[in-house]
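Please examine the sequence and the structure shown below before reading on.

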Amino acid sequence: MSTSEGTGERAIHCGFVTFVGRPNVGKSTLTNALVGEKVAITSDKPQTTRRAIRGILNRPAGQLVIVDTPGIHRPRTLLGQRLNDLVEQVLGDVDVIAFCVPATEKVGPGDRRIAESLDGYPRARKVAVVTKTDAAGRDQVTERLLEVDALREDWDAVIPLSALTNVQLDVLTDELLALMPIGPALYPDDVVTDESLDDRIAEIIREAALDGVRDELPHSIAVVVQDIAPREGGGLTDVFADIVVERDSQKAIIIGHRGSRLRDVGARARAGIEPLIGGRVFLSLHVRVAKEWQRDPKQLGRLGF
């Protein structure tokens, strides 16, 4: 391979890709499967991703920087509008946009609207991905491929895959790398994400808190890590975090009867945090109310949106 001018670094296929689609089509699961490590939280609740999380995939042929964005949706709150704005910003910057549709559902108006909106990003190459093929029959997958192929005339590729069973992930990786510009690597090859430790821990806690809650609650949950402090001589790390909700009734749901639900959230979150920190963790969770924070610009700013 050639060397990029003046840098002395190897020139490789290297660039940014983002997965778009309706909420809950498997974008975060696909990001984690490609990176080979959990960098984006997954949930059966739509609209769980709130930031542009970068997962980094290194191969001998190149480096893919995967930007996992929120699903595109009709916003009902200021938070929703800011998430859509974030997606717009990301789409304007990436080299490849991969449009995702699940094999298990017919292509609908929402898919068509998103596919058409890609006209607004002429510099990005476009790839279509049919996800969740493990959950669909062969006829369903074929039908979906035909529907997706017909959405646009400029797909560079249309690829069926399953992130859950790792089927065709290599095909997608090879295709995406081939579409990337040539240049030096953007990140060292041992880095899997540019998310800070605080952010990754906050997301793990939020994922645990989302599990099993009622439909109206997921959007009201935010997590702020207040402190991460190794204990002297104990081989233990103290993690202090706030789970923020919008109403007292939601606080009661998160805490549960005599604190049972919060203990469960803590146990699940700790299991995800310990491998990340590389040791035992004491996790202290505090639930607080910030009224209507999704609609309040000041609160959104404090919570990092």
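Is Cys14 buried or exposed? Cys14 is buried, because its relative accessible area is 7%, where buried means under 20% relative accessible area, exposed over 50% and partly exposed in between (1.4 Å probe, protein chains only). The model is predicted, so local features need pLDDT of at least 70 and side-chain atom pairs count only at pLDDT 80 or more, while totals for chains, interfaces and linings use all residues. Residues are numbered from 1 along each chain as its sequence is written, and side-chain values use heavy atoms, with hydrogens and water left out.

**The chain as a whole**

- The protein chain contains 9 helices and 10 strands; helices (H or I, at least four residues) and strands (E, at least two) are DSSP runs, numbered from the N terminus.
- Of the 305 residues in the protein chain, 49% are buried.
- Contact means heavy atoms within 4.5 Å; of the contacts between residues at least 6 apart in sequence, 70% join residues at least 24 apart.
- The protein chain exposes about 14,500 Å², of which carbon and sulfur atoms supply 49%; accessible areas come from the Shrake-Rupley method with a 1.4 Å probe, and for residues only the protein chains shown count as cover.

**Cysteines**

- Cys100 counts as buried because its relative accessibility is 0%.
- The structure holds 0 disulfides, a disulfide being a pair of cysteine sulfur atoms within 2.5 Å.

**Helix 4**

- Helix 4 (residues 138-149) has 12 residues and should span 16 Å at 1.5 Å a residue, which agrees with the 16 Å between its end C-alpha atoms; the expected span is 1.5 Å times one less than the number of residues.
- Val141, Arg144 and Val148 are buried in helix 4.
- The buried residues of helix 4 fall within an arc of 65 degrees seen down its axis, so they line one face of the helix; the arc is that of the directions from the helix axis to the C-beta atoms.
- An α-helix has 3.6 residues a turn, so residues three or four places apart point the same way.
- The buried residues of helix 4 pack against strand 4 (96-102), strand 5 (125-131) and strand 6 (155-160).
- On the other side of helix 4, Arg138, Asp139 and Leu146 are exposed.

**Residues with positive phi**

- Most residues other than glycine have a negative phi.
- Lys132, in the loop between strand 5 and helix 4, has a positive phi near 60 degrees.
- Lys132 counts as partly exposed because its relative accessibility is 29%.
- Asn166, in the loop between strand 6 and helix 5 (169-179), has a positive phi of about 60 degrees although it is not a glycine.
- Asn166 counts as exposed because its relative accessibility is 52%.
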